[in-house]
Amino acid sequence: MPHFDLPLEELRHYRPELPEPEDFDAFWEKTLSAARAYDIDARFERVDVPLAMIDAFDVTFAGFGGHPVKGWLLLPAGTDEPLPAVVEYIGYGGGRGLPHERLVWAAAGFAYFIMDTRGQGSGGSVGDTPDPGASGPAYPGFVTRGIEDPHGYFYRRVFTDAVRAVEAVRSHPLVDAARVAAVGDSQGGGITLAVAGLVPDLAAICSNVPFLCDFPRAATLSSRPPYQEIALYLRARRGQEERVFRTLSYFDGVHFAARGRAPALFSAALEDETCPPSTVFAAFNSYAGRERSMEVYRFNDHEGGGVFQQDVQLRWLPGHLRN
C-alpha cells in the first residue's frame, strides 16, 4: 500500500491551527467536578481464574454521572506491597474481555487495570458496561452519538470514566498511587491523551496510533470508520459542519496533548488509513511534555507496531515506573 499522507519530513513538523474553545478548561473542570460529586465507590472483588501466577479482581467504580463502570485489576500472584500501575484503555468497539486476555503488564510485574468502555464491547472483546447517557440522532457507531452538543457527547462520558478509572486504581492498597501510567491503542490511545491532559500527575503515557485527534483533517482524509462516521453523518445532515466540529473541538487529542506533561511514547504507521499519520503527529507535535518520543512504522497500516511496539513499551515504561 503506498503512503497517502504527508511525507515523513513534513509530518515531523505538522501542527494544524485548530480552534480551541475558550471555555475548554472550564468545561472539563466542571465535568470532572460533577463526576467527583459521586463517591468513587471502587469495589474490587476477587475472581477465581485458572491462572497460577495472577490474582484477578472484578472492578466496579462510579464514572460519569455516578454510572457503574467495569474493569479488571490483575496483580502478580501473592502481591503484598504496593506496585506501580498501568491503566489501559481499549480500542474502538472492544470491551474489557476476560482476565486471561490481558496478562502482559501483570506478567511484567505491574499492577494492571483495564477499563471497560461504556456502550462498547461487542467488537472483538466482550464488555459489561452500558451507556445510560446515549441520546440524539447518530450514524451507526459511537463517534456521532450526542454530537449536537458537547455536554451530551459520547466521549464526554468516556473521558470522564477514564479519569475516574485512574482515581479508582489509585484507591487500591496494593497500588502505588504516585506511579501510575496510562496506555492505549487507537481509541485507547486517544483516551490516553485525554487522560494525560486531565490528570496532571501521571508517571508516563503510551499512545499508539491514537484515534480522536485532529478531527477536521481526519474526517476529510480517512475513508474508513470510525472517522468516516462523521462524514456520513454530515452527508445526511447538511449544513451542520460548524456545529459538529465545535463539539468535537472539546474532545480533540491535539488540545489534550497541549496540556500533557508526563513522559510520553507515541507510535504512528505511515500506511494507516484509519488514523492517518498526520493526525497522530498533530497530537505528538503539540504534546507539552519535555520528554516525548515517536516510533514510526513505515510499512504498516492501523495495526501499527503491534507486538513490536508492545516490546518497545515493555522496555521503555519501567524506567518511568520503577524509579
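# Strands, cysteines and loops

Me: In the hairpin of β2 and β3, which residue takes a positive phi?

Reply: Glycine 65 does, with phi near 65 degrees, in a hairpin that has 5 residues between the strands. Strands here are DSSP runs of E with at least two residues, and helices are runs of H or I with at least four, both numbered from the N terminus. This is a predicted model, in which local features need pLDDT of at least 70 and side-chain atom pairs count only at pLDDT 80 or more, whereas totals for chains, interfaces and linings use all residues. Residues are numbered from 1 along each chain as its sequence is written, and side-chain values use heavy atoms, with hydrogens and water left out.

Me: OK, and in which sense do β2 and β3 pair?

Reply: Strand β2 (residues 54–62) pairs with β3 in the antiparallel sense over 9 bridges, where pairing requires that DSSP finds at least two bridges between the strands. Alanine 62, for instance, has proline 68 in β3 as its bridge partner.

Me: What else does β3 pair with?

Reply: β3 also pairs with strand β5 (residues 111–115), in the antiparallel sense and over 4 bridges. Leucine 74 stands opposite tyrosine 112 in β5.

Me: Why is β3 said to be largely enclosed?

Reply: Of the 9 residues of β3 (residues 68–76), 8 are buried, so the strand is largely enclosed by the rest of the structure. Buried means under 20% relative accessible area, exposed means over 50%, and partly exposed is in between, with a 1.4 Å probe and protein chains only.

Me: Switching to β8: how many of its residues are buried?

Reply: In strand β8 (residues 264–269), 6 of the 6 residues are buried, so this strand too is largely enclosed by the rest of the structure. Ala264, Phe266 and Ala268 point one way, while Leu265, Ser267 and Ala269 point the other way, and all are buried. In a regular strand the side chains alternate between the two faces of the sheet.

Me: Which strands are joined to β8 by bridges?

Reply: Strand β7 (residues 204–208) runs parallel to β8 and is joined to it by 4 bridges, and strand β9 (residues 292–297) also runs parallel to β8, with 6 bridges between them. Cysteine 206 stands opposite leucine 265 in β8, and the bridge partner of alanine 264 is arginine 292 in β9.

Me: How many disulfides does the structure hold?

Reply: The structure holds 0 disulfides, a disulfide being a pair of cysteine sulfur atoms within 2.5 Å. Cysteine 206 is in no disulfide, and the nearest cysteine sulfur, that of cysteine 213, is 15 Å away. Cysteine 206 is also buried, with a relative accessible area of 0%.

Me: What about the loop between β7 and α6, where is leucine 212 in terms of phi?

Reply: Leucine 212 lies in that loop and has a positive phi of about 75 degrees although it is not a glycine. Valine 209 has its place in the loop between β7 and α6 as well, and its phi is near 35 degrees, again a positive value in a residue other than glycine. Valine 209 is buried, with a relative accessible area of 4%, and leucine 212 counts as buried at 1%.

Me: Which peptide bond is cis, with omega near 0 degrees?

Reply: The peptide bond from proline 225 to proline 226 is cis, with omega near 0 degrees, and proline 226 has its place in the loop between α6 (215–221) and α7.

Me: Glutamate 229 is buried, so what is the nearest side chain of opposite charge?

Reply: That is arginine 145, 7.6 Å away, and glutamate 229, though buried, has no salt bridge, which would be a side-chain nitrogen of Lys or Arg within 4 Å of a carboxyl oxygen of Asp or Glu. For charge, Lys and Arg count as positive and Asp and Glu as negative, while His and the chain ends are not counted. Glutamate 229 is found in helix α7 (residues 227–236), and its side chain reaches the backbone nitrogen of valine 143 at 3.2 Å.

Terms used
A polar contact is a pair of N or O atoms within 3.5 Å; within protein, one must be able to donate a hydrogen and the other to accept it, and residues adjacent in sequence count only if both atoms are side-chain atoms.
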